[in-house]
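Please read them with the structure open.

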Amino acid sequence: MVKRIYVQKKSGFDVEAKGVLADLQENLQIKELEDVIILNRYDVSGIDDLTYEKAKNTVFSEPQVDICFDEEYDFGENKVFAVEFLPGQFDQRATSLSECLQIISGEERPIAKSAKVYVLKGSITDAQVEKIKKYIINPVDSRVASLEKLASIEDKMEEPSDVAVIEGFINMTDEDATKFYEKYGFAMDLADLKFCQTYFRDTEKRDPTMTEMKMIDTYWSDHCRHTTFLTKLEVIDIKWDLLKEIYENYIASRKFVYEDRKKDICLMDVATIAAKELKKRGILKDLDESEEINACSIKANIMVDGKEEEYLIMFKNETHNHPTEIEPFGGAATCLGGAIRDPLSGRVYVYQAMRVTGCGDPRVSVEDTLPNKLPQRKLTNEAARGYSSYGNQIGLATGQVAEVYHPGYVAKRLEIGALIGAAPAKNVIRLRPEPGDKVILLGGRTGRDGCGGATGSSKAHTSESLSTCGAEVQKGNAPEERKIQRLFRNEEATKLIKRCNDFGAGGVSVAVGELAEGLIINLDKVPKKYEGLDGTELAISESQERMAVVVSSKDVEKFEALAAKENIETSVVADVVEDPRVKMYWRGKLIVDISREFLDTNGVTKKQTAQINKPEGLENYFSGIDGNCIKTSGNNCAKIEKWKKVISGLNCCSQKGLVERFDSTIGAGTVLMPFGGKYGLTPAERNGSKNTNNFRIHEYGNNNDIWI
């Protein structure tokens, strides 16, 4: 039997509803809308009446601020619609509800579903309701839910078919290959596809499975292999004298670093050559080096309880521009979650985060939103809500929060999470996996959310992207990652780990596939959120809050016991073997069997030419400002109007409302609070200016700086 309950915030606590009302009245200009009521609706099966009554005022609601309605709610004559996640999307609210109800009952975990119900009061038309729905519901991850009570909430999943072999692949003509490429929307290009065809025809002498092609596509995606940055620059035409001198210095560095070795000139080499030269000259003595690369890391001696101790300090930044563009809350939440997971997989604890974002003008009318794009206001608000939700739940201090507004971000939003973590070096053991070692998957279960995330963010996007990329956006589960944080702070556990990978991109195929040269992976051992997932989905799903660790076979039982103390689910999913191939089994059948040598080619080397011109307007950088200043006393400069224009711009507005969504005090490690001064409105100065009486105001989109 299904039980239904509606939960409504009491007057004065209904902040979300009042915010939605103001947003709809202002942004959609629906003045006829008089009020909005938001109800959280829960449907649960598998609990008895006693458990339900116990949970009503402890799990479903807080009596001080909520009102509960059993089974029905009187909507009156008001317009009503409900919103729920699409099937396969992770619903943290429903999952947490199920877990809490199980704690109360002590029985099997019940099944729960949640939805959000909007009650619209006022003389609004059906057309206006549809306009509101379109504004509130993001079709990437949500849909309109039925208002009728369901007889059953158990999802009926069809038995997945066996993984298909792509018949005739090795004999495809160029025309056939093009049609195949377009049908399945690969991130790799046609040259890579032909390269795969040659490999399977000449080396494996068979047609590949669909899982193998999806796995290769994931491995070689720009997200996982930085294809753009590794593209070989064959011709570089520089038409700017200043840059010619810089380029000559770069070539000199290459000669010093590589000597007679041949190395492609690419953007990655340009970005890293300085560090390589410093390292070769013996200057980067604190650089931490290992085969296991989780994040940028250094070694430093830290005073702990009066004694000097060596620590690993890791830095990481992550951009989630594409996911946040199409699903702001989940994209921004997993921007932070993904950034945390890299140093966390390095067995360090993350202490501080920073968020810098770029957005179009959020004041622009919804009517002016580009086709197949979300409104800028929705983007900036939902992204801030997602990032802060994840950080506040996991307990991460976010000290610097800033958003830049510029027309250039209308085409693609900028979402960056940056952070720093540390751990005693003695707690981090890095060893090369050996045949006989086991790979343990720990943390969250696998679902369809995140399938194709790495390849999706590596593809060019079209007007259809908003409605077709929903499964590519992962759903964060901060409490699950917090449990892994606690486990990895236990040196008894970390010292058992030989190597670790997070599931940030590529799922099992990459996270497990990169751990050792030779692997036999059993996909039937991968824990699932629900039934119905096929072998390909299990191989490439990027469901969040999961780690893969290599431990000695003798340490498996001990590690799993330590994980169980933190209520973390574990499963041995792979064996390290001597044969340098990646093999995957599903339903007892071999669905992936690829040589490591082929995977590591990263496909066909991309080639490109580059032409660099002198930026327009560079010679007039300081023009238009008399004396380049505005004096605070005495005779003012002639450009007072220019100054007024700059400080009245959107980028000089107070961002205190945005910043205060993020807890900067968690862990009591924040040195500079975000705001200070007499009225608590002055942003902290962090630029290290020698003259603390000066600060810079920059007019974005213009090459003028004004000093006050």
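1. V7 has N40 in strand 2 as its bridge partner. The two strands involved, strand 1 (residues 2–9) and strand 2, run antiparallel and are joined by seven bridges. Bear in mind throughout that this is a predicted model.

2. Look at the loop between helix 1 (15–27) and strand 2 (33–45), where Q29 lies. Q29 has a positive phi of about 55°, although it is not a glycine. Most residues other than glycine have a negative phi. Is Q29 buried or exposed? Its relative accessibility is 51%, so Q29 counts as exposed.

3. N372 also deserves a check. Its phi is near 60°, a positive value in a residue other than glycine. N372 sits in the loop between strand 10 (349–359) and helix 13 (376–394). With a relative accessibility of 44%, N372 counts as partly exposed.

4. Seven strands make it up, in the order 14-16-13-17-15-18-19, and the pairing is mixed. The edge strands are strand 14 (499–502) and strand 19 (589–595), each pairing on one side only. The twist averages 20° from one strand to the next.

5. Helix 16 (residues 478–488) lies across strand 13 (438–443), strand 14 and strand 16 (546–551). Helix 16 runs at about 130° to strand 13.

6. In what sense do strand 15 and strand 18 pair? Strand 15 (residues 519–522) and strand 18 (residues 581–586) are parallel, over four bridges. Within strand 18, M584 stands opposite I521.

7. Strand 16 has antiparallel neighbours. Six bridges join it to strand 13, and L441 has A548 of strand 16 as its bridge partner. Strand 14 also runs antiparallel to strand 16, with four bridges between them. There, D502 has M547 as its bridge partner.

8. How many residues of strand 16 are buried? Six of the six are, so strand 16 is largely enclosed by the rest of the structure. Both of its faces are covered. R546, A548 and V550 are buried on one side, and M547, V549 and V551 on the other.

9. The largest nonpolar core has 52 residues. F169, V439, V512 and L523 have the most contacts inside it. Helix 7 (residues 210–219) gives the largest share of this core, five residues. In soluble globular proteins, nonpolar side chains tend to be buried together.

10. Residues up to four places away in sequence aside, the residues it touches include V512, L515 and L519. Also among its contacts are A548, V549 and V550 of strand 16. S571, V572, V573, A574 and V576 are touched by V439 as well.

11. Helix 9 (residues 241–258) and helix 10 (residues 267–280) pack at an angle of about 50°, their axes 9 Å apart. The two helices are therefore oblique to each other. Helix 9 passes helix 10 in a left-handed crossing. On the helix 9 side, the residues are Y250, S253, R254, F256, V257 and Y258. They meet D269, V270, I273, K276, E277 and K280 in helix 10.

12. Finally, G399, in strand 11 (residues 397–405). G399 has a relative accessible area of 10% and is buried. Its C-alpha atom is separated by 7.8 Å from that of L672, although G399 and L672 are 273 residues apart along the chain.

Conventions: Residues are numbered from 1 along each chain as its sequence is written. This is a predicted model: local features need pLDDT of at least 70, side-chain atom pairs count only at pLDDT 80 or more; totals for chains, interfaces and linings use all residues. Side-chain values use heavy atoms; hydrogens and water are left out. Two strands pair if DSSP finds at least two bridges between them. Axes are lines fitted to C-alpha atoms, for helices over the stretch in contact, and angles run from 0 to 180 degrees between N-to-C directions. Contact means heavy atoms within 4.5 Å. A nonpolar core is a set of buried Ala, Val, Leu, Ile, Met, Phe, Trp, Tyr and Cys residues joined through side-chain atoms within 4.5 Å. Buried means under 20% relative accessible area, exposed over 50%, partly exposed in between (1.4 Å probe, protein chains only). Angles under 35 degrees count as roughly parallel, over 145 as roughly antiparallel, 65 to 115 as roughly perpendicular and the rest as oblique. A crossing is left-handed if the near helix is turned anticlockwise from the far one by less than a right angle, and right-handed if clockwise.
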